[in-house]
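Please open the model in the viewer and keep the selection panel at hand.

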Amino acid sequence: MSKNSEEKSPENVLRIRRATSDHLEQVVELDARITGKSKLDYWQDIFERYAARRIDQRFFLIAEGPEGGDAGIFGLIVGEVRGWEFGSEPCGWIFAISVDPDRRQQGIGEALFKAMCDEFRQVGIKKVRTMVRRQNTLHMSFFRGEGMMAGPFIQLEKKLIDG
Amino acid sequence: MQQSSRLAIYALIELASNPDSQISAAEIGAKYRVSAHHLAKVLMTLGRAGLVQSVRGVGGGYTFTGNAKRLNLDEIISLFQDTTTSCKLADPSEATDEEWVLFDVSNEINDIARSTYSSITIQTLLKQVERRQSAKSRAKENAPEAGDLPVT
């Protein structure tokens, strides 16, 4: 991230910046509160790949309050530039977004989404994509509210084992 | 989507974008080129669902009483048509493999349609309308004036 971006939230000023390894514990804790599963190994791997390597095209951003990380993180978003898979021109992919359930409806998710789009724009990317489970109305409604619509690809799958 | 569902969504967009106004069925009908009579029936259904309220008398009309941030298209469409399945098996115990295969395909399409409708709220539609209007005004501002010579 070239500079820390700040967005006004109804309660106070929100700071959005790149995640560092110092945030690992808070990220694992936030994710566990939302999903009910603590996934330290998974997040360690995500930090290694998205917060440390090829960071010109990989973005792991966190939102925190004006007092910094002491109060815990308010939310996170992870994305990267990917290109030429499935015949697609390079575009930005968002594959994780989470907001502290106690701090929802305060514009934190929107601020994270906008910050990620800014990162993509700064590296010349013109389109952002994500994938959402059809039944996940919370994320579907959020991304729709941000102006996202169905893209040109349809995901297909087939069971390889009966049952 | 059936016409009544479409009209209901147009009416709700119109009313939700003017929360402080009372708008008549005739005004909404004129904008969307549909009969006020047909629209009145649709508005009655929306009224029974608690989404609009009618105010009688001079200057009367309808007001939006729902929650634009929460009300999604599937909830609106469900008031006018059965959205649970797009293809019915008359008697599942008698259905052939061919009928089951077509039933599965129809259900797949219906699932996608329903999840799309469920994820789009009236507020999201209002935002899309705003984006479209902004894009149109930008295009108009950038368009060359009539009589301008092309730059060569």
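Begin by selecting B:Y32, which counts as buried at 19% relative accessibility; buried means under 20% relative accessible area, exposed over 50%, and partly exposed in between (1.4 Å probe, protein chains only). The model is predicted, so local features need pLDDT of at least 70 and side-chain atom pairs count only at pLDDT 80 or more, while totals for chains, interfaces and linings use all residues. Residues are numbered from 1 along each chain as its sequence is written, chains are lettered from A and ligands numbered from 1 in the order in which they are written, and side-chain values use heavy atoms, with hydrogens and water left out.

Rings of Phe, Tyr and Trp (its six-membered ring) pair if their centres lie within 6.5 Å; planes under 30 degrees apart count as stacked, over 60 as edge-to-face and the rest as tilted. B:Y10 and B:Y32 form a stacked pair, at 4.6 Å centre to centre with 5° between the planes. This pair links distant parts of the chain, 22 residues apart: B:Y10 belongs to helix α1 (residues 3–16) of chain B and B:Y32 to helix α2 (residues 25–32) of chain B. Helices (H or I, at least four residues) and strands (E, at least two) are DSSP runs, numbered from the N terminus.

Now show chain B as a whole. Its secondary structure comes to six helices and two strands, in the order α-α-α-β-β-α-α-α along the sequence. The C-alpha atoms of chain B fill a box of roughly 70 × 60 × 30 Å along the principal axes. Of the 152 residues in chain B, 35% are buried.

Turn next to chain A and select A:Y42 and A:W43. Their ring centres are 5.1 Å apart and their planes stand at 75°, so the pair is edge-to-face. A:W43 is buried at 3% relative accessibility, whereas A:Y42 is partly exposed at 37%. Over all chains, the count of aromatic pairs comes to ten.

Select A:R58 and A:Y50. The charged end of A:R58 sits over the ring of A:Y50, 5.1 Å from its centre; the criterion is NZ of Lys or CZ of Arg within 6 Å of the ring centre and within 35 degrees of the ring normal. A:R103 is placed likewise over the ring of A:F74, with its charged end 3.8 Å from the ring centre.

Which residue forms a salt bridge with A:R58? Select A:E80: the closest N and O atoms are 3.3 Å apart, a salt bridge being a side-chain nitrogen of Lys or Arg within 4 Å of a carboxyl oxygen of Asp or Glu. A:R58 lies in strand β3 (residues 58–65) of chain A and A:E80 in strand β4 (residues 68–82) of chain A, 22 residues apart. Both A:R58 and A:E80 are buried. A:R82 also forms a salt bridge with A:E80, at 3.5 Å between the closest N and O atoms, and A:R82 counts as partly exposed at 35% relative accessibility.

Finish at helix α1 (residues 24–35) of chain A, where A:E29 and A:R33 lie four residues apart, about one turn of the helix. Their side chains meet in a salt bridge (3.4 Å, N to O). A:E29 is partly exposed at 43% relative accessibility, and A:R33 is partly exposed at 40%. The whole structure holds 15 salt bridges over all chains.
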